[in-house]
Amino acid sequence: MGQHAFADTILNSDQAGLRDLISELTNTDKICVLSSEEFCYLPLNALAEFKSFLHDTDVSIIYYARNCLTTLHPWWQEQVKHGSSQTFLEFILGCLAHPGSIHLLAPDAMLSNWAGAFGRDAIKIYLYDEISDVATQFSVDILNFRPPQDHPTETNISYNYIATEMMRFWNSLGTRGAELIQLPMSHKLRIDITEKSRSFSSKFSLSYRIPSFALIEETLLARWRGQIVGAVEPHIFKTREFSYPYVHPDFWLVNSDLAERMRTLAFEESVEHG
């Protein structure tokens, strides 16, 4: 319940709003699940105030630690789906230059804030990459409930690199790439762009030999080993190096015909919907 709005209410110290939301939690004898990426950004003072409203409510903080290497492309994709026009290379360079700028690369700071408000014993850390179906695992291990086998557990639409780059291009025009990519007219465009992009495609690799990435894992082991569920030796994350495909930024300049088709589709769709 609450989700992003609940996190915003906590962040803004909206006491009246907090009372209303927490009354829904305390007036039930069932387990309530609050889930929002916005919880990762809450400072200690906001969390401490949230805790004061909960009184004796039993609270567990469940954190899924994700491998820094394999989670960067999905996070770039999420940013693009929500309107970002930053290229994948720009995003990666920002992560390397300022690894603490996104919550996925600063788990210690986030966990420390929650521990400061609710105590370390309230925190359980699961290794995301070791779980085949996180939704089912959460239901079974945390909620003591096994969903039916035919119950859908996938929630977010996932896109490959080309589809995400198309959304990013449309975002840069001031349109909603996440909506345009779902149009039937975009399918032929995606096929043509995929074909033409092959000669502009390359790869780069990141690994835990990069000091800032190694420090993330070392800090999790040093400070949070007792909260991690499962084996963590000798490393928390099994994948130690990861290769990322990308398309050179010159692609749209050289293939101006495809860029024009992208602009035309966006323009026609904006005219049709006013």
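The buried residues of helix α11 pack against α4 (68-81), α5 (88-97), α6 (107-118), β2 and β3 (201-207). Contact here means heavy atoms within 4.5 Å. Helices (H or I, at least four residues) and strands (E, at least two) are DSSP runs, numbered from the N terminus. The model is predicted: local features need pLDDT of at least 70, side-chain atom pairs count only at pLDDT 80 or more, and totals for chains, interfaces and linings use all residues. Residues are numbered from 1 along each chain as its sequence is written, and side-chain values use heavy atoms, with hydrogens and water left out.

Helix α11 covers residues 211-224, 14 residues in total. From first C-alpha to last, α11 reaches 19 Å, close to the 20 Å expected at 1.5 Å a residue. The expected span is 1.5 Å times one less than the number of residues. Phe213, Ala214, Ile216, Glu217, Thr219, Leu220, Leu221 and Trp224 of α11 are buried. Buried means under 20% relative accessible area, exposed over 50%, and partly exposed in between (1.4 Å probe, protein chains only). An α-helix has 3.6 residues a turn, so residues three or four places apart point the same way.

Strand β2, one of the partners of α11, spans residues 123-127. Four of the five residues of β2 are buried, and the strand is mostly covered. Strand β1 (residues 61-65) pairs with β2 in the parallel sense, over five bridges. Two strands pair if DSSP finds at least two bridges between them. Tyr63 stands opposite Ile125 in β2. Ala65 stands opposite Leu127 in β2. Strand β1 is largely enclosed by the rest of the structure, because four of its five residues are buried.

The structure holds three cavities of 30 Å³ or more. About 60 Å³ of space lies in the largest cavity. A cavity is a set of points, on a 1 Å grid over the protein atoms alone, where a 1.4 Å probe fits but cannot get out; lining residues have an atom within 4 Å of a point. Grid points are joined across faces, edges and corners, and a volume is the space filled by probe spheres set on the points.

The structure holds zero disulfides. A disulfide is a pair of cysteine sulfur atoms within 2.5 Å. Cys32 is in no disulfide, and the nearest cysteine sulfur, that of Cys40, is 20 Å away. At 32% relative accessibility, Cys32 counts as partly exposed. Cys40 is likewise in no disulfide. The nearest cysteine sulfur to that of Cys40 belongs to Cys68, 13 Å away.

Several further sites were examined. Gln86 lies in the loop between α4 and α5. Its relative accessible area is 34%, so Gln86 is partly exposed. Leaving aside neighbours within four places in sequence, Gln86 is in contact with Trp76, Val80, Phe91 and Arg168. Val80 is also in contact with Asn171, a residue of helix α8 (residues 161-172). Asn171 is buried because its relative accessible area is 8%.

Ser139 is placed in helix α7 (residues 134-141). At a relative accessible area of 12%, Ser139 is buried. Not counting residues up to four places away in sequence, Ser139 touches Asn144, Phe145 and Pro147. Asp56, in contrast, is exposed, with a relative accessible area of 78%. Asp56 is found in the loop between α3 (44-54) and β1. The C-alpha atoms of Asp56 and Gln86 are separated by 44 Å, with the two residues 30 apart along the chain. Asp56 and Ser205 are 149 residues apart along the chain, and 48 Å separates their C-alpha atoms.

Over the whole chain, the secondary structure comes to 13 helices and four strands. The C-alpha atoms fill a box of roughly 65 × 50 × 40 Å, taken along the principal axes. Of the 274 residues, 42% count as buried. Among contacts between residues at least 6 apart in sequence, 76% join residues at least 24 apart.

Terms used: On a 1 Å grid over the protein atoms alone, a cavity is a set of points where a 1.4 Å probe fits but cannot get out, and a pocket is an open set with protein on both sides within 12 Å along at least five of seven lines; lining residues have an atom within 4 Å of a point.
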